[in-house]
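Me: I would like to learn how to read packing in a model like this one. Could you take me through it feature by feature?

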Amino acid sequence: MTTDSLNQDIANRRAGILAALAAASASAPELIAVSKSQPDAAIEAILAAGQRVFGENRVQEAQAHWESRREAYPDLVLHLIGPLQTNKAADAVRLFDVIQTLDREKLADALAAAMDKEERRPQLLIQVNTGEEPQKAGVIPSKVGDLLRYAREQAGLEVAGLMCIPPADEPAGPHFALLKKIARDYGLGLLSMGMSGDYELAARYGATHVRVGTALFGDRSAA
Ligand SMILES: *Cc1c(COP(=O)(O)O)cnc(C)c1O
């Protein structure tokens, strides 16, 4: 594919998604472009289309994609959307503006120490395992209150909202509704939910952020 047609394809897909989000909700959620596994050409194409908010799963890959681009694009906003190990907390705090995957006390402690050391305070979301799937990261719904209390009172962190990844084989709506209810119960404002297959649905359920990869860039395996 030529650079021109790649740029045009990605710009068109982005415009379509932004229009669908605007139609789905009066307060359209922020579109986070999930740039994991994408080649440089795709990242350059979506930057050229005006996208500045990005999500990455892994700290190391995010550094490779974004550290050198920060200077050229000072208005970048980077979200960590994958699991974080405590020994990567300082690297994550240095690079990301939002960390969406706080899910345990030990990580709250590591993030608090890293924020003091780096003198940088990314926004934090708690990841909720709404489907209570054993293999999936995130705190189960009944434990959100405990983790929130620990993060605030023991670790001295501010928590801005919640994130979830619904089970792949279930309708997402009930999971979005549950995440929204938990956020309302605890007075949390940000809701990161919805991916390529269900971002419009998530917008209708009140998402403030949707995380979209494939629908923007095309298939990752084909990239
Ligand atoms: C990869 C990923 C996405 C994007 O998935 P698509 O289906 O490609 O849109 C969103 N959220 C998380 C946490 C991811 O890991």
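Me: Leaving aside neighbours within four places in sequence, what is alanine 114 in contact with?

Reply: Contact means heavy atoms within 4.5 Å. By that rule, alanine 114 is in contact with Ala89, Ala90 and Val93, neighbours within four places in sequence left aside. Alanine 114 is in helix H5. Helices (H or I, at least four residues) and strands (E, at least two) are DSSP runs, numbered from the N terminus. This is a predicted model, where local features need pLDDT of at least 70 and side-chain atom pairs count only at pLDDT 80 or more, while totals for chains, interfaces and linings use all residues. Residues are numbered from 1 along each chain as its sequence is written, and side-chain values use heavy atoms, with hydrogens and water left out.

Me: Is alanine 114 buried or exposed?

Reply: Buried means under 20% relative accessible area, exposed over 50%, partly exposed in between (1.4 Å probe, protein chains only). Alanine 114 has a relative accessible area of 4%, so it is buried.

Me: Which residues of the largest nonpolar core touch the most other members?

Reply: In soluble globular proteins, nonpolar side chains tend to be buried together. A nonpolar core is a set of buried Ala, Val, Leu, Ile, Met, Phe, Trp, Tyr and Cys residues joined through side-chain atoms within 4.5 Å. The largest one here has 67 residues, and Phe96, Ile99, Leu102, Leu111, Ile126 and Leu162 touch the most other members. Helix H5 (residues 105–118) gives the largest share of this core, seven residues. A second, separate core of seven residues includes Val34, Ile81, Met163 and Leu190.

Me: What does isoleucine 99 touch?

Reply: Not counting residues up to four places away in sequence, isoleucine 99 touches Leu80, Leu84, Ala92, Val93, Leu111, Pro122, Gln123, Leu124 and Leu125.

Me: How do the axes of H5 and H6 lie?

Reply: Two packed helices are described by the angle between their axes and the distance between the axes. Axes are lines fitted to C-alpha atoms, for helices over the stretch in contact, and angles run from 0 to 180 degrees between N-to-C directions. The axes of H5 and helix H6 (residues 144–154) come within 10 Å and cross at roughly 25°. Angles under 35 degrees count as roughly parallel, over 145 as roughly antiparallel, 65 to 115 as roughly perpendicular and the rest as oblique. H5 and H6 are therefore roughly parallel to each other. Glu105, Ala108 and Asp109 in H5 meet Leu147, Tyr150 and Ala151 in H6.

Me: Where do H1 and H2 make their contact, and why are they called oblique?

Reply: Their axes come within 9 Å and cross at roughly 55°, so H1 and H2 are oblique to each other. Leu6, Asn7, Ile10 and Arg14 of H1 make the contact with Ala41, Ala42, Ala45, Ile46 and Ala48 of H2.

Me: Which residues are buried in H2, and what covers them?

Reply: In helix H2 (residues 40–48), Ala42, Ile43, Ala45, Ile46 and Leu47 are buried. Their cover includes helix H1 (3–24), strand E1 (30–34), strand E2 (53–56), helix H3 (59–66) and helix H9 (214–217). Just after H2, glycine 50 takes a positive phi of about 105°.

Me: Which residue other than glycine has a positive phi near 65°?

Reply: That is serine 37. Serine 37 is in the loop between E1 and H2. It counts as partly exposed because its relative accessibility is 43%.
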